[in-house]
Amino acid sequence: MEKKYPHLFSPLKIGRSLMLRNRVVAAPQSQNDIEPNGTLSLHNIAYFARKAQGGMALVTVGDGIVHPTGQNHPNQVYLYTDNCLPSLTRCAEEVHKYGAAVSIELSHGGIVCNPDFINGERPYGPSEVPVTIGFQTKDPVVVMSQEMTEEFMNELADAYAAAALRVKKAGFDMAMVHAAHGWLIGQFFSPHINKRTDKYGGSVENRARFAVMVLSRIREAVGPNFCIELRMNGDDGLGPDEDGLKVEEAAQIAKILEPYVDSFHISSCLHMYPPQQDIMQSPIFRERGHLVHLATAVKNAVSKPVCCVGGLADPAMMEEIIATGQADMVALGRQSLADPDIALKARTGREAEIRTCLRCATCQSNRFQRGTARCSLNPEIGREYEMQFLPKKADEPKKVMIAGGGPCGMQAAITAAKRGHDVTLYEKTDKLGGALNFAQTVPFKDDLYRLVGSMTAELEAAGAKVVLNTAVTPELVAAEQPDALISAIGAECIRPNWPGMDKPHVMMAEEAHKLEFAGKKVAVIGGGLVGIEAALHLAKEGKDVTVVEFLPDVANDANIRYGRTYRWEMEKEGVQIMTSTKCCEITDSGILAEQDGKQVEIPADAVVIAIGMRSLTDESEALRDCVDNFIVAGNVVAPGQVQQAIRAGFDAAMFQI
């Protein structure tokens with residue numbers, strides 16, 4: 001049978017006997033609802049099994065800690081005790097049930113371990129260096145790490161080996177030794193952190209010596225047939241003039257360590273430095289595949305299989321990477337949350353239905369702020385365990401009308417149609433997508449606009465009917481007589497009544513992406529997510545942009561990771577930000593505003609309004625008495641972002657019909 005992606009979906013042998021069914025692997029990811037005793041919960045297990053069900057070849061569990069001194073946040077699997085065996089065994093069985101192999105990270109945080117998590121001790125590392133530590137539930141603190149003795153290195157090497165043996169006993173196929181992102185073993189690799197003058201510091205060979213100790217002990221414990229993968233930086237990412245690990249040295253280290261491992265997984269960054277995290281996390285402003293070249297450099301130095309990462313999401317790009325020999329495997333992290341079925345869809349010719357990760361950091365920020373697993377695009381994330389017990393089809397198929405073709409309405413239609421209902425989606429304009437359509441001309445929001453296409457393909461595949469240029473009215477409902485009506489008609493931009501709002505150079509944020517105005521200077525009133533996205537787009541198009549925000553800070557409605565990324569990008573593009581500033585009037589030459597009790601003038605050739613959204617409550621309520629089962633969902637309930645819209649549409653169709 002001819003395959004569209006023959007290289008991507010060819011098998012790969014790792015080690016002596018492990019055969020992967022394809023080259024798509026789920027990168028290691030952590031979970032928040034780990035049991036208090038450091039074991040995987042049933043929810044965790046279902047989360048990893050879902051990736052296997054979606055066609056991944058290898059699923060990697062994140063954050064297994066090999067020693068009590070290695071913990072750097074509260075949600076890690078304790079691999080240093082046999083208590084982990086029952087839950088790991090269940091996890092291995094569930095992943096294997098769907099035909100995938102399973103691995104787990106063997107980790108130690110080294111110098112980034114907060115003393116609060118390691119019984120008040122100073123964190124251990126290659127050298128005594130000051131480090132700022134801040135992770136999840138703890139505020140940042142500055143501590144001085146303590147230099148490891150050779151005796152303690154031997155203790156840790158034995159701990160890595162014991163952890164690997166437990167993983168093997170549990171039925172795992174592989175252990176991934178985590179030496180990337182500034183974790184302990186990688187700290188030895190990095191001259192930026194490793195300042196030792198003994199045989200464990202200085203030369204490349206010396207900096208690799210602790211890794212040799214660890215890997216050789218693991219191999220001795222697990223035997224020749226169990227697979228060992230090494231995750232390491234191909235470059236610390238500190239820049240050419242800094243003293244971090246460079247790609248040439250990474251390739252040398254990989255060659256030294258090759259006899260002890262079966263494969264390599266190449267990434268980048270030292271995560272203890274916040275700006276560095278954008279290298280590993282690949283935000284929207286980074287090119288997809290931006291770390292692949294590091295894997296290629298290592299692959300050119302070794303003969304073992306090499307896996308690459310870097311915001312990968314497009315099967316065609318992944319196929320090219322494998323076909324051209326840049327890497328042997330592609331690892332998907334957040335993309336495996338956005339669409340855990342990506343491998344299955346690509347293999348079966350359903351690429352159009354793939355939901356491409358927005359790289360919006362909703363998953364990461366929810367994990368840090370709320371301790372929950374969430375995804376903007378996938379309403380089932382965090383609920384995989386419960387979803388197993390829901391019937392695939394509704395007991396009684398019903399006729400369902402959906403008003404509104406934005407993300408909420410589209411998701412509701414997809415979900416209801418998949419459940420076997422007779423679904424018709426009505427959209428009053430000539431195209432689906434709603435508020436997502438602004439992204440069509442904003443280059444860094446291309447993935448968001450692409451969502452319109454993938455959800456449209458899903459609608460068609462699910463069998464939902466779509467009627468455009470048709471608003472849902474009481475008369476239409478009376479004529480169609482549905483069993484249920486979901487109102488997902490959304491919200492509209494708030495238009496304030498400031499003097500000067502009628503001037504020709506004033507526009508709403510939803511119009512700003514069109515760039516159909518003259519002049520260089522632009523004032524954006526409103527520093528929420530909509531406002532800063534408009535401001536950044538205009539700045540990247542060459543405008544001189546000032547953001548005027550009433551509150552003390554901008555991006556208050558953005559998650560912590562996304563907001564931080566935007567602030568950095570606005571600084572890079574020269575966007576001026578005026579906070580605690582109230583707009584009073586729009587003039588022919590700009591804005592009159594109030595700041596610190598004083599009137600200020602802000603010159604502007606164009607003014608963009610982005611002060612929030614108003615739910616179309618009255619329009620929606622006009623439909624309430626037209627049908628017995630009337631459901632409101634999404635922005636029409638309360639203005640939100642794409643995550644809330646998609647989840648609301650899913651819940652309405654899954655649980656309320």
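Me: Which residues is Glu351 in contact with, leaving aside its neighbours within four places in sequence?
Reply: Contact means heavy atoms within 4.5 Å. By that rule, Glu351 is in contact with Lys4, Tyr5, Lys345 and Ala346. This is a predicted model, with residues numbered from 1 along each chain as its sequence is written. Local features need pLDDT of at least 70, side-chain atom pairs count only at pLDDT 80 or more, totals for chains, interfaces and linings use all residues, and side-chain values use heavy atoms, with hydrogens and water left out.

Me: What joins the side chains of Glu351 and Tyr5?
Reply: A polar contact is a pair of N or O atoms within 3.5 Å; within protein, one must be able to donate a hydrogen and the other to accept it, and residues adjacent in sequence count only if both atoms are side-chain atoms. Here the Glu351 and Tyr5 side chains make one of 2.9 Å.

Me: Is Glu351 buried or exposed?
Reply: Buried means under 20% relative accessible area, exposed over 50%, partly exposed in between (1.4 Å probe, protein chains only). Glu351 has 18% relative accessibility, so it counts as buried. Its place is in the loop between α12 (342–347) and α13 (362–369).

Me: Why is strand β17 largely enclosed by the rest of the structure?
Reply: Helices (H or I, at least four residues) and strands (E, at least two) are DSSP runs, numbered from the N terminus. Strand β17 covers residues 422–426, and it is largely enclosed because four of its five residues are buried.

Me: How many bridges join β16 to β17?
Reply: Two strands pair if DSSP finds at least two bridges between them. Strand β16 (residues 399–403) and β17 run parallel, joined by five bridges. Ile402 stands opposite Leu425 in β17. Right-handed here is a viewing rule: with the strands pointing away from the viewer, the path from the first strand over the helix to the second runs clockwise.

Me: Which strand pairs with β17 over three bridges?
Reply: Strand β18 (residues 465–467), in the parallel sense. Tyr426 stands opposite Val467 in β18. Helix α16 (residues 446–462) carries the chain across from β17 to β18, again in a right-handed β-α-β crossover.

Me: Which residues have the most contacts inside the largest nonpolar core?
Reply: A nonpolar core is a set of buried Ala, Val, Leu, Ile, Met, Phe, Trp, Tyr and Cys residues joined through side-chain atoms within 4.5 Å. The largest has 174 residues, and Leu106, Phe172, Phe210, Ile218, Met232 and Phe264 have the most contacts inside it. Helix α3 (residues 150–169) gives this core its largest share, nine residues.
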